[in-house]
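The sequence and the model come first, followed by the description.

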Amino acid sequence: MERLREIGHELRRPEADFLRDGIYELRVTLRGVHYRVLYFFHGAIAAVVSHGLVKERVVSPKEIDRAIDRKKRFEANPSRHTYKET
C-alpha cells in the first residue's frame, strides 16, 4: 500500500497490474498468503473498491464487475465514499 501511495500510476508488475475498465489490482503478500486488492484512480487518488481477495490464477470476472459497479457509485458521489482522517 505504501508503494501505491508513493508511486501511484507508475506502479507496475509484479506489484500491480491493469485488469479492465479502469480497475487495477495490487498484489500483496502477508504471512505467506498472496492477496489482491482492487482499486481505481480518481485523479491522483487510488480508491480501493475490493480487498482481501485470495490470489488465484486470475481475478474472477464477477469480482471485477463488482469493482466496476463500486467505481461508478464512487464517481457519482465521491464525498459520500471518501474516508478522511481527523
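Strands, as the word is used here, are DSSP runs of E with at least two residues, and they are numbered from the N terminus. With that in place, strand S4 gives the most to the lining of the largest pocket, with 4 residues. The model under discussion is predicted.

**Pockets**

The lining of the largest pocket consists of 13 residues, and nearest its centre lie Ala47, Val48, Phe74, His81 and Thr82. At least two lining residues come from each of S3, S4 and H2. The second largest pocket has a lining made of Met1, Glu2, Leu4, Arg5, Gly8, Phe41, Ala44, Ile45, Ala46 and Val48. Here helix H1 (2–7) and S4 each supply at least two residues. The volumes and residue classes of both pockets are set out below.

| Pocket | Volume | Lining by class |
|---|---|---|
| Largest pocket | about 380 Å³ | 8 nonpolar, 3 polar and 2 charged residues |
| Second largest pocket | about 250 Å³ | 7 nonpolar, 1 polar and 2 charged residues |

Ile45, one of the residues lining the second largest pocket, is found in strand S4. Is Ile45 buried or exposed? Its relative accessible area is 55%, and the cut-off for exposed is over 50%, so Ile45 counts as exposed. Between Ile45 and Val28 there are 19 Å in space, C-alpha to C-alpha, and the two are 17 residues apart in sequence.

**Nonpolar cores**

Which residues make up the largest nonpolar core? There are 10 residues in all: Ile23, Leu38, Phe40, Ala47, Val49, Val59, Ile64, Ala67, Ile68 and Phe74. Strand S3 (33–42), strand S4 (45–54) and helix H2 (61–76) are the elements that give two or more residues to this core. H2 gives the most, with 4 residues. Two members of this core, Ala47 and Phe74, are also among the residues nearest the centre of the largest pocket.

For Ile68, which belongs to this core, the contacts beyond four places in sequence are with Arg20, Asp21 and Ile23. Another core, of 7 residues, lies apart from the largest one, and its members include Leu4, Leu11, Val37 and Phe41. Of these, Leu4 and Phe41 also line the second largest pocket.

**Aromatic pairs**

How many aromatic pairs does the structure hold? The structure holds 5 aromatic pairs. In one of them, the ring centres of Phe18 and Tyr24 are 5.1 Å apart; the planes are at 70°, so this pair is edge-to-face. Phe18 counts as partly exposed, at 43% relative accessibility. Tyr24 also counts as partly exposed, with a value of 22%.

Tyr24 pairs with Tyr39 as well: the ring centres are 5.6 Å apart and the planes are at 20°, so this pair is stacked. The pair links distant parts of the chain, since Tyr24 is in strand S2 (residues 23–30) and Tyr39 is in strand S3, 15 residues apart. Why does Tyr39 count as buried? Its relative accessible area is 1%, and buried means under 20%, so Tyr39 falls in that class.

Phe18, Tyr24, Tyr39 and Phe41 form one aromatic cluster.

Key: Residues are numbered from 1 along each chain as its sequence is written. This is a predicted model: local features need pLDDT of at least 70, side-chain atom pairs count only at pLDDT 80 or more; totals for chains, interfaces and linings use all residues. Side-chain values use heavy atoms; hydrogens and water are left out. A nonpolar core is a set of buried Ala, Val, Leu, Ile, Met, Phe, Trp, Tyr and Cys residues joined through side-chain atoms within 4.5 Å. Buried means under 20% relative accessible area, exposed over 50%, partly exposed in between (1.4 Å probe, protein chains only). Contact means heavy atoms within 4.5 Å. On a 1 Å grid over the protein atoms alone, a cavity is a set of points where a 1.4 Å probe fits but cannot get out, and a pocket is an open set with protein on both sides within 12 Å along at least five of seven lines; lining residues have an atom within 4 Å of a point. Grid points are joined across faces, edges and corners, and a volume is the space filled by probe spheres set on the points. Ala, Val, Leu, Ile, Met, Phe, Trp, Tyr, Cys and Pro count as nonpolar, Asp, Glu, Lys and Arg as charged, and the others, Gly among them, as polar. Rings of Phe, Tyr and Trp (its six-membered ring) pair if their centres lie within 6.5 Å; planes under 30 degrees apart count as stacked, over 60 as edge-to-face and the rest as tilted.
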